[in-house]
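I opened my notebook beside the viewer today and wrote down what I looked up, one stop at a time.

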Amino acid sequence: MTRELFEKNLRDMQEDVLIMGSMVEKAIQRSMDSLRTRDVKLSNAVVAEDIAINAKRYEIEEKCIHSIALQAPMAADLRVIVAILFISNELERMADHAEGIARINMMLGEGPLSGPIGDIMLMGTKSNDMLRRSLTAFVDRDVELARQICDDDDEIDNLYDSSYHSLIQDVIKTPQDVERITYLIWSCHNLERIADRVTNICERVIFMVTGQLEEINVSRY
Amino acid sequence: MTMIRATERPKAVTEDRLITDQHLPIDERITRIEDDSILEVSNFSAYYGKFRALHNVSFQIPEKKITALIGPSGCGKSTLLRCINRMNDLVPSFHGEGEVTFRGQDLYAKDVDPVEVRRRIGMVFQKPNPFPKSIYENIAFGPKVNGMNVNMPALVEDCLRRAALWDDVKDKLKQSGLALSGGQQQRLCIARALATQPEVILMDEPCSALDPIATLKIEDLMKELSKDFTIIIVTHNMQQAARVADYTAFLMMREDRAGELVEFSDTDKLFTMPKDKRTEDYITGRFG
């Protein structure tokens, strides 16, 4: 007895997580590109593509529920399915943050951006890199990598910290730009939340492998 | 009749201690059985003639809890269960090595009366097997045979109530037990087992002949009964073990076909984070 059908379902669900992960990665990348290049058309595309990400999340959730109901998974199998359920939810919320950044770009109006744009872009690049590695940790069942990624969240928190303070200074210097600067603070916050959600994914990877539920690195924000 | 010596009741595990335990990481939770066990199986091996059916089984059964024995067919679950109340004595070729102690007393000691053992440690079988007698007589039979001096109508009512059967049968106590549905017959058998006032109830796949509704009724009943009795259940249904048991023991056949205890722990631990690869393979359906 090897439960071939169930094992195939499990493999399919894990593949779905990777597909969804790459969709989210693309959404984050494109939302940052749209902000950097002030490309409203690209922002619109990110918003439109979020529908497909939401649908993927429901598809994964449905498969998980079916597997639980029909295959009564236990032990490691159950942990994998529970982890997939949580990870797909985190990915969906990360895509919402990416959509948020795209919408902010639309609200910012025309003209180049000022402020700590380099740091904001770096937050985007690093967060996306964390996401990519968290999915590698998921596939490889790599607890060490998952822990390391959680530690990397400190870098995002530091970048958020410095960007936030820099933007507050900008408000003081140019109060007439308060609305645009506030939008940028929102972008930073979205990126900080994306990185936090990556750490949640890592926590689920650790749970999947060890059965331990633990909060690895509590964000400062 | 030689009575089993009654020893001081061990300290019960308080709800507080159990609740506190749940905050700990699953690996650090302790299967605290040491100070509240009612039965202890130590290095027990069972033989049918030359064939060894059980190999060096050791574990403790906590009092007033439900313990499930799971494992593939032929791994010795039922043999182990039947060793606990010396039912295997009825098999001529059977002999056991090692110890099974009940409240500290060796059940296989020479001065122990197996009939008294079976009174204190009752049994419910796979297929409902009421006596071909009235519902009332089914309950009253054991106490009468055991010479118990009790208020019989009150005892019958109490047992039927405990077995959640009283409301179904109170108006037809003189009817044959065989006229009841399968689920009711099994509850009658449980009521019959309670009538001799046991401390432990052994159940050998008690729901395998029942439909899902009757099964759930028996499971609810087991939970209720575990407030007052220690229950040990053999089941092939892992979901049933997961639903009802506080502790679960996983047995498996060795290469020489003798059953051995692979793992024994809290049910939630065994089904979510088993320690032994063989347990993991079995409960995830990858055994064999």
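**Ground rules.** I am working with a predicted model, in which local features need pLDDT of at least 70, side-chain atom pairs count only at pLDDT 80 or more, and totals for chains, interfaces and linings use all residues. Residues are numbered from 1 along each chain as its sequence is written, while chains are lettered from A and ligands numbered from 1 in the order in which they are written.

**Chain A, overall.** I counted six helices and zero strands in chain A; helices (H or I, at least four residues) and strands (E, at least two) are DSSP runs, numbered from the N terminus. Along the sequence, the pattern reads α-α-α-α-α-α. I then looked up the radius of gyration of chain A, taken over C-alpha atoms. The value is 19 Å, close to the 17 Å from the globule rule for 221 residues, so chain A is as compact as a globular protein of that length. That rule is 2.2 Å times the number of residues to the power 0.38. Along the principal axes, the C-alpha atoms of chain A fill a box of roughly 70 × 35 × 20 Å.

Next came burial: 43% of the 221 residues in chain A are buried. A residue is buried if 20 or more other C-beta atoms lie within 10 Å of its own, exposed if 12 or fewer, and partly exposed in between, with C-beta atoms placed from the backbone.

**Two helices of chain A.** I picked α5 (residues 143-173) and α6 (residues 178-210) of chain A, which pack at about 170° with their axes 9 Å apart. The axes are lines fitted to C-alpha atoms, for helices over the stretch in contact, and angles run from 0 to 180 degrees between N-to-C directions. α5(A) and α6(A) are therefore roughly antiparallel, a label for angles over 145 degrees. Their contact divides into 20 nonpolar, three polar and five charged residues. Here Ala, Val, Leu, Ile, Met, Phe, Trp, Tyr, Cys and Pro count as nonpolar, Asp, Glu, Lys and Arg as charged, and the others, Gly among them, as polar.

**A loop residue.** I stopped at A:Ser114, in the loop between α3 (75-107) and α4 (117-140) of chain A. A:Ser114 is partly exposed because 13 other C-beta atoms lie within 10 Å.

**Strands of chain B.** In β7 (residues 200-204) of chain B, five of its five residues are buried. I checked both faces of β7(B): B:Val200, B:Leu202 and B:Asp204 are on one side, with B:Ile201 and B:Met203 on the other. Strand β6 (residues 121-124) of chain B runs parallel to β7(B), joined by four bridges; strands pair if DSSP finds at least two bridges between them. β8 (residues 230-234) of chain B is also parallel to β7(B), with five bridges.

I moved on to β9 (residues 247-253) and β10 (residues 259-266) of chain B, which run antiparallel with seven bridges. β9(B) and β10(B) form a hairpin with five residues between them, and B:Arg257 in the turn has a positive phi of about 75°.

**Where the chains meet.** I found 15 residues of chain B in contact with 11 residues of chain A, contact being C-beta atoms, placed from the backbone, within 7 Å. On the chain B side, α9 (238-244), α10 (267-272) and α11 (277-283) each give two or more residues. By class, that side has eight nonpolar, five polar and two charged residues.

Technical notes
Contact = placed C-beta atoms within 7 Å. Parallel < 35°, antiparallel > 145°, perpendicular 65-115°, else oblique.
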